[in-house]
Amino acid sequence: MLASFPVWRRAALALAAMAALGVQAQTVPELQALAAREQPHLMKTLQQLVEIESGSSDRQGLDRIAGLIAQRLRELGGQVQLIDPDTTIASPTSDAGDGPAKVGQIVRASFKGGSATGKRVMLIAHMDTVYQRGGLKQQPFRIDGNHAYGLGIADDKQGVATILHTLAMLKAVGFKDYAEITVLINGDEEISSPGSNALITRLGGEHDAVLSFEGGGGPTTPDTVRLATSGIASVDLKVKGRSSHAGAAPEKGVNALYEMAHQIMQTRDLSDPKNGKHLNWTMAKAGSVRNAIPERAEANGDARADRVADFDGMEAELRKRIQNKLLPESEITLSFDRRRPPLQATEASRALAAKAKALADEQKLELVVRDRPTGGGTDAAYAALATKAPVIEGLGVRGYGAHSSDSEFVVIDAIAPKLVLVTRLVMAIGSGKAL
């Protein structure tokens with residue numbers, strides 16, 4: 001009777017029988033068969049996650065998706081906590097727009113292994129998106145050829161789904177040769193993780209390796225892991241002038257708009273792309289009516305750097321330059337808010353990435369390791385702040401269109417190979433063979 005089943009189904013049944021006997025499947029063909037079985041279940045999970053709108057400011061949606069993820073983790077055998085950071089944000093702004101007054105919950109799960117000498121592995125992803133409620137109607141979950149579309153599907157609901165189904169793979173093969181696997185899914189990544197960054201940092205220091213599940217490459221590129229990401233800072237420039245009638249007495253005013261424009265122009269050359277430093281002024285506003293000299297003006301900028309020291313130098317230079325005023329009577333204030341630290345490559349992360357590449361080679365999966373930032377920031381940087389353990393970013397599925405309103409997708413045939421790679425990597429780390 002077993003011979004009547006498809007090859008992958010027979011292999012999956014054999015794996016289940018092995019798991020029942022405590023035998024761990026380790027070979028690539030066995031795990032590939034199991035991943036083929038798991039992929040449609042992961043697709044269903046993706047649909048469930050996408051169909052819950054969970055923008056960073058949508059606390060109702062975040063509570064719903066956190067509940068779903070917590071339930072799934074409990075079903076997989078984890079000890080689960082829903083943590084409410086109870087964090088209020090004095091200035092609720094984010095990398096993508098306005099943030100909430102109160103951030104979303106954190107889902108934390110612990111899976112205890114059976115090895116006294118095994119390692120502790122931490123898996124992280126985020127469930128919040130940059131989208132406002134109502135966007136699901138314009139872009140529902142859908143499949144078109146080899147692409148699965150949906151708001152937040154690439155950033156980062158695929159990461160959540162990949163973690164859940166990696167755990168399912170590990171459970172199916174009965175893998176227990178580790179000390180602990182910790183899963184942490186936060187709901188405030190898109191607003192720089194104000195409520196979760198301290199916990200991510202603390203837990204990062206308590207584990208032997210951290211794997212982060214942002215997207216793992218583009219639709220036409222090889223799978224990619226990253227060992228370094230950019231730090232992110234926001235720059236706010238405020239100018240106070242003096243109001244006056246624009247027609248009858250403009251000379252009696254101090255034009256805050258003129259001063260702001262002057263300051264923007266004299267700081268526009270602080271970027272140094274070759275060294276990973278970027279400062280771009282991105283928003284500005286001034287005045288309230290057409291016929292009055294504007295009393296106030298404000299400009300906002302986005303700063304990126306590969307090293308903490310680069311932020312120090314950029315801020316110092318900004319503060320020096322704003323002393324040169326176009327209008328001496330104007331008043332200028334500057335705030336430089338370091339929102340997310342850079343992640344820097346280490347020897348430990350390079351060694352673990354080399355192990356991941358060797359595992360990928362064994363399964364005929366092309367894997368690129370990048371140890372230089374490309375401009376984006378990540379929670380993995382928080383995880384690396386208080387540890388010398390390896391931290392690797394990009395263990396999620398390849399995709400495209402993050403933060404776009406009509407073209408965000410993941411590559412379907414990239415799912416199963418990534419499940420195999422991540423499962424094998426967790427097994428290698430947990431058993432101590434990769435560290």
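Select Leu68 to begin: leaving aside its neighbours within four places in sequence, this residue is in contact (heavy atoms within 4.5 Å) with Gln48, Leu49 and Ile52. The model is a predicted one, in which local features need pLDDT of at least 70, side-chain atom pairs count only at pLDDT 80 or more, and totals for chains, interfaces and linings use all residues. Residues are numbered from 1 along each chain as its sequence is written, and side-chain values use heavy atoms, with hydrogens and water left out.

Leu68 lies in helix α3, residues 59-75, where helices (H or I, at least four residues) and strands (E, at least two) are DSSP runs, numbered from the N terminus. With a relative accessible area of 19%, Leu68 is buried; buried means under 20% relative accessible area, exposed over 50%, and partly exposed in between, with a 1.4 Å probe and protein chains only.

Next, select Asp155 and Asp156, whose connecting peptide bond is cis, with omega near 10 degrees. Asp156 belongs to helix α5, residues 153-172.

Move on to the loop between β6 (180-186) and α6 (197-204), where Ser192 is placed and where Ser193 is also found. Phi of Ser192 is near 75 degrees, a positive value in a residue other than glycine, and Ser193 has a positive phi of about 60 degrees although it is not a glycine. Ser192 is buried at a relative accessible area of 5%, and Ser193 is buried at 0%.

Now colour helix α9 (residues 347-362) and helix α11 (residues 415-430), which pack at an angle of about 130 degrees with their axes 10 Å apart. Axes here are lines fitted to C-alpha atoms, for helices over the stretch in contact, and angles run from 0 to 180 degrees between N-to-C directions. Show the side chains where Leu352, Lys355, Ala356, Leu359, Ala360 and Glu362 in α9 meet Leu421, Arg424, Leu425, Ala428 and Ile429 in α11.

Finally, which residues touch the most other members of the largest nonpolar core? Of its 77 residues, they are Leu73, Leu123, Leu167 and Leu211; such a core is a set of buried Ala, Val, Leu, Ile, Met, Phe, Trp, Tyr and Cys residues joined through side-chain atoms within 4.5 Å. The largest share of this core, 11 residues, comes from α11.
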